[in-house]
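Please look over the sequence and the model shown here before reading on.

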Amino acid sequence: MTQTVRGVVARGKGAPVEVTDVVVPDPGPDEAVVRVQACGVCHTDLHYREGGINDEFPFLLGHEAAGVVEQVGDGVTGVAPGDFVVLNWRAVCGACRACLKGKPWYCFDTHNAAQPMTLADGTPLSPALGIGAFAEKTLVHAGQCTKVDPEASPAVAGLLGCGVMAGFGAAVNTGNVGRGDSVAVIGCGGVGAAAVAGAHLAGATTIIAVDLDPRKLEWARGLGATHTVDAKSEDVVARVRELTGGFGADVVIDAVGRPETWKQAFYARDLAGTVVLVGVPTPDMRLEMPLIDLFSRGGALKSSWYGDCLPSRDFPYLIDLHRQGRLDLDAFVTETIALDQVEEAFAKMHHGDVLRSVVVL
């Protein structure tokens with residue numbers, strides 16, 4: 001049997017998205033059907049719509065989601081119908097060389113559902129990041145379902161599925177921010193703001209938020225930033241150095257992902273400090289700088305995939321922090337919207353009007 005639900009589809013590069021019928025098959029082996037309750041509007045969804053990821057249109061957008069497992073296929077033991085789950089787009093395989101080395105957050109063979117969801121005419125859909133959650137229901141690999149405390153609001157729990165986890169993990173997992181550290185975060189949208197929150201929880205004593213938008217700087221202050229830098233009117237590198245005794249920050253997180261912001265991050269860090277790139281560059285971007293600078297400054301230059309998270313470990317932990325009042329996930333939800341308002345949400349996100357718009361079903 002199959003089910004027909006409503007979902008948000010991008011049919012062509014740059015074309016406005018549309019709400020249309022989506023056919024969801026019954027789950028096969030190792031698959032699950034999840035009734036989506038909430039899904040955040042992430043910049044990656046806009047990248048898909050613009051053709052910035054690949055050209056495998058039509059796309060079923062949405063990936064930052066929470067909901068309830070409705071059906072499971074043969075062989076599924078980790079989740080059952082009725083479980084409240086956050087969806088993740090890196091379902092670790094447990095068998096690749098990264099998993100066998102005890103580093104499953106680098107898994108090189110993550111799982112997705114084997115069956116396609118389709119349009120009503122049978123056209124296969126490409127689900128965003130293997131999830132496709134701007135829909136009333138979606139089909140995923142059961143390993144993409146992470147059980148969390150069902151008392152959490154779906155609108156905030158779903159944020160762990162991408163942006164909040166990426167930023168928080170960039171600070172805590174990839175950057176290894178610790179007590180007494182100084183941290184600078186360049187770009188304070190949803191991911192950067194989460195990096196600020198992560199640095200704050202990890203015990204950093206100097207947390208410098210850098211952005212062009214005073215609204216985002218104010219949001220970052222509310223999440224733990226001790227200082228702000230207006231990148232439109234201030235020299236970012238000089239100001240970060242000034243705020244860290246002339247040395248530069250122990251950890252600098254680039255949540256923008258452009259050559260100019262990465263260079264700022266590199267030169268704003270302390271000698272032997274760490275640069276973490278969590279903002280996603282486009283394939284055409286190039287970086288040119290003196291190789292001697294890379295050698296002479298030492299330290300670590302890292303990229304952060306999904307905040308180097310292990311969903312089974314990190315999602316329940318962050319939900320617990322939220323339930324204890326230590327991680328204000330509600331602060332990330334600027335508005336809740338319906339499925340037919342996703343296109344408007346893309347415009348708001350592009351103009352920096354929101355941290356997150358969240359589709360609630």
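Strand E12 is covered on both of its faces, with Thr 206, Ile 208 and Val 210 buried on one side and Ile 207, Ala 209 and Asp 211 buried on the other, where buried means under 20% relative accessible area, exposed means over 50%, and partly exposed lies in between (1.4 Å probe, protein chains only). Because six of the six residues of E12 are buried, the strand is largely enclosed by the rest of the structure. Strands and helices are DSSP runs numbered from the N terminus, a helix (H or I) having at least four residues and a strand (E) at least two. In a regular strand the side chains alternate between the two faces of the sheet.

This is a predicted model, in which local features need pLDDT of at least 70 and side-chain atom pairs count only at pLDDT 80 or more, while totals for chains, interfaces and linings use all residues. Residues are numbered from 1 along each chain as its sequence is written, and side-chain values use heavy atoms, with hydrogens and water left out.

**The sheet around E12**

E12 belongs to an open sheet of six strands in the order E13-E12-E11-E14-E15-E16, with parallel pairing; two strands pair if DSSP finds at least two bridges between them. At the edges are strand E13 (227-230) and strand E16 (300-303), each of which pairs on one side only. From one strand to the next the twist averages 15 degrees, where axes are lines fitted to C-alpha atoms, for helices over the stretch in contact, and angles run from 0 to 180 degrees between N-to-C directions. Strand E11 (residues 182-186) pairs with strand E12 (residues 206-211) in the parallel sense over five bridges; along this pairing, Ala 184 stands opposite Ile 208, and Ile 186 stands opposite Val 210.

Two helices lie across the sheet. Helix H7 (residues 236-243) lies across E11, E12, E13, strand E14 (249-254) and strand E15 (269-277), and runs at about 165 degrees to E12. Helix H8 (residues 259-268) lies across E11, E14, E15 and E16, running at about 150 degrees to E15.

After H5 comes Gly 203, whose phi is positive, near 100 degrees.

The largest nonpolar core has 88 residues, and those with the most contacts inside it are Leu 87, Phe 134 and Ile 253; such a core is a set of buried Ala, Val, Leu, Ile, Met, Phe, Trp, Tyr and Cys residues joined through side-chain atoms within 4.5 Å. H5 gives the most to this core, with seven residues. Apart from it lies another core, of 17 residues, among them Trp 262, Phe 266, Ala 268 and Leu 277.

**Salt bridges**

A search of the whole structure finds 14 salt bridges, each being a side-chain nitrogen of Lys or Arg within 4 Å of a carboxyl oxygen of Asp or Glu.

| Pair | Closest N and O atoms |
|---|---|
| Arg 49 and Glu 50 | 2.3 Å |
| Arg 323 and Asp 149 | 3.4 Å |
| Arg 239 and Glu 234 | 3.3 Å |

Arg 323 forms its salt bridge with Asp 149. Arg 323 lies in helix H10 (residues 311-323) and Asp 149 in the loop between strand E10 (145-147) and helix H3 (154-157), so the pair ties together parts that are 174 residues apart in sequence. Arg 323 is partly exposed at 45% relative accessible area, and Asp 149 is partly exposed at 27%.

Arg 49 is buried, with a relative accessible area of 10%, whereas Glu 50 counts as partly exposed at 33%. Arg 49, Glu 50 and Glu 343 are linked in a network of salt bridges.

Note on methods
Contact means heavy atoms within 4.5 Å.
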